[in-house]
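Here is a short walk through one structure. Keep the sequence and the 3D view side by side as you read.

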Amino acid sequence: MEVPPGIDPTKAHPSRRYNYWLGGKDNFAVDRESAGVVASAFPTVALSARENRAFLKRVVTYLAGEAGIRQFLDIGTGLPSAGNVHEVAQSIEPTSRIVYVDNDPVVLVHARALLTSEPAGRTAYIQADLRDPDKILADAELARTLDMSRPVALMLVATMHFITDDHDPYDIVARLLAALPSGSHLVMTHATKDHLTAEEYAYSVEANERSGVPFRLRSRDEFTRFFDGLELLPPGVTSVVEWRPEVPEEERPSVEDVSMLCAVARVP
Ligand SMILES: C[S@@+](CC[C@H](N)C(=O)[O-])C[C@H]1O[C@@H](n2cnc3c(N)ncnc32)[C@H](O)[C@@H]1O
């Protein structure tokens, strides 16, 4: 991949590493090396990425369809890939409006592919950091694209595990939710440590440190805390594999191999 101006190709970044696990070409050697270090602790990580992406499509289909959600705030968008949020939502409801947010400059370079809205709807891209949620909420592009008096689906899909405890992850989510009206939804997926032995967990922490990308595995209880005060929708906190699955159980990968929790909740 050619290195666009302003991009540091010597530093691994989660969007490009995820792109590599999904079989994409928008990644550098440093991202593939980082991916290898993570895979030494969690060999099924590419499977987990694919299952996470499949969940994203199912959940947007549910929100745009059954739940009647017309506005999406997708933070930690990742590089454009098959089935971007606006493509899935607008295939169901062309008036859907989507704001994408990511802090990786490589995503900005590719953002054109996220701005292919149906004429009846609208999409926008904001280059911003989730660790500064007030800045995201104050962005003029957000105000131009979303009507914050109407329900919004806040999507934090495979993103919160990059927010380490020193950045107060629960406060970040609470600040974002406080800006959304009743009837809004929170969608989150998050890598979990639940299926690891103490020894595997210790190795995983060490490998993530070595991979050059800050990462925080959380337990089911730690994950569930993000939804305090919200109404969890069935089936509650579960593995992405088991959330409204489209294939029979015997064709699904194991919950342990994927190790990714998810939940959808409504703002009361
Ligand atoms: C694993 S990808 C997930 C992409 C997409 N949400 C999905 O699930 O298919 C995580 C994304 O979060 C972004 N990200 C990580 N930390 C972030 C931060 N502090 N602010 C904004 N985006 C961040 C990364 O750049 C990356 O694109």
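A pocket, as the word is used here, is an open set of grid points with protein on both sides within 12 Å along at least five of seven lines. A molecule sits in a pocket if more than half of its atoms lie within 2 Å of the pocket's grid points. Bear in mind that this is a predicted model.

Start with the ligand. The ligand sits in the largest pocket. Around the ligand are 21 residues. Tyr-18, Arg-53, Gly-76, Asp-102 and Leu-130 are the closest of them.

What kinds of residues make up this shell? The shell divides into 8 nonpolar, 8 polar and 5 charged residues. Helix α3 gives the largest share, with 3 residues.

Now look at individual contacts. A ligand oxygen lies 2.8 Å from an N or O atom in the side chain of Arg-53. The backbone takes part too. A polar backbone atom of Gly-78 is 3.3 Å from an oxygen atom of the ligand. At Leu-130, a polar backbone atom is 2.8 Å from a ligand nitrogen. How much of the ligand's surface does the protein bury? Taken alone, the ligand exposes 600 Å², and the protein buries 97% of that.

Leave the ligand and turn to charged pairs. The structure holds 13 salt bridges. One of them joins the side chains of Asp-31 and Arg-16, with 2.6 Å from N to O. Asp-31 belongs to helix α2, residues 29–41, and Arg-16 to helix α1, so this pair ties together parts that are 15 residues apart in sequence.

Two spots in the backbone remain. Most residues other than glycine have a negative phi, and most peptide bonds are trans.

Find Ala-158 in the loop between β4 (153–157) and α8 (169–178). Ala-158 is not a glycine, yet it has a positive phi of about 55°.

Then move along to Pro-235. Pro-235 has its place in the loop between β6 (231–232) and β7 (238–239). Is the peptide bond from Pro-234 to Pro-235 cis or trans? The bond is cis, with omega near 5°.

Notes:
Residues numbered from 1 in each chain as written. Predicted model: local features only at pLDDT ≥ 70, side-chain atom pairs only at ≥ 80, totals over all residues. Heavy atoms only, no water. Near = heavy atom within 4 Å. Polar contact = N/O pair within 3.5 Å; in protein donor to acceptor, adjacent residues only side chain to side chain. Areas by Shrake-Rupley, 256 points an atom, 1.4 Å probe, with all protein chains shown as cover. 1 Å grid on protein atoms, 1.4 Å probe; cavity = no way out; pocket = protein on both sides within 12 Å on 5 of 7 lines; lining within 4 Å. Helix = DSSP H or I, 4+ residues; strand = E, 2+ residues; numbered from the N terminus. Nonpolar A, V, L, I, M, F, W, Y, C, P; charged D, E, K, R; others polar. Salt bridge = Lys/Arg side-chain N within 4 Å of Asp/Glu carboxyl O.
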